[in-house]
Amino acid sequence: MARTTHDHPLPEEPFYWRIARELLGELRDGTIPPGERLPGERQLADHFGVSRATVRQALDVLRHDGLITTDRRGSHATLPGLPVETPASLAFPVGARDADPGADRATVTWETPPPEHAQVLGLAPHRPTLVHRYESAGADGRGRRSAVTSFSAVALAEVEELGRYRDRADGEAEAELRRVYDWMRRAGLTLHHRDAITPLAGVPSVRVTRRVHDQYARPLEVTDLVVDAQQDALVYEFTLPGTD
């Protein structure tokens, strides 16, 4: 009698073939767009729950079939498809102004984040992290906006440029983090944003709460922005894949 394969894979099929098939599925459905750098072997091994050697064998299969290429910066998807466009409205922090940068003030500190941020980021109570503060106002003092952003341990470990700020996070020097989303994408992270916008009771202001996580559902940052304006509640989401 033939052995059933209902609960188990075929015994003669190497395990790395399953990993290769799952990666191929992500290439075909656009989860990993053409030209995007794949996560590193360690990240893939953690994601699939296998050894780095198994991941390496799976990548060899895809490389042999011309579905990925590898250079000194890592492996890249080559499956044909449409290029990924960058949303023009993406900015850090959410609500940052471009018109009058002189009116902006941004600093970073190494401190315990707000409790609600720590919960979203999966940080233990009282564990410090990089906290970014942003303030802006028009020349007449109107249009004031302020934002507080806390970064996760994952973001600091994966994004080299961001991790460097820990040593100079004294809350005094100006912090230029406008390109932080570009840094995250260059590190191979796919950025999933969720922005919730709600009016504040009794004042002509709205609160914007942005949460960002990567392709493995790991939290990267959370931002709370208060804007001197009033509008209806709105929630929207978008995904920005990683790049070189």
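**Ground rules.** I number residues from 1 along each chain as its sequence is written, and hydrogens and water are left out of side-chain values, which use heavy atoms. The model is predicted, so local features need pLDDT of at least 70 and side-chain atom pairs count only at pLDDT 80 or more, while totals for chains, interfaces and linings use all residues.

**Helix α3.** I looked up α3, which has 13 residues (52-64). Helices here are DSSP runs of H or I with at least four residues, strands are runs of E with at least two, and both are numbered from the N terminus. The expected span is 1.5 Å times one less than the number of residues. For α3 that gives 18 Å, and the end C-alpha atoms are 18 Å apart, which agrees.

I then checked burial (buried is under 20% relative accessible area, exposed over 50%, partly exposed in between; 1.4 Å probe, protein chains only). Thr54, Val55, Ala58, Leu59, Val61 and Leu62 of α3 are buried. Down the axis of α3, the buried residues fall within an arc of 150°, so they line one face of the helix. The arc is taken from the directions from the helix axis to the C-beta atoms.

His126 is not a glycine, yet its phi is positive, near 70°. I find His126 in the loop between α4 (115-121) and β4 (129-136). His126 counts as exposed, because its relative accessibility is 67%.

Ala217 is another non-glycine entry, with a positive phi of about 65°. Its loop runs between β7 (206-213) and β8 (219-227). Ala217 is exposed, at 58% relative accessible area.
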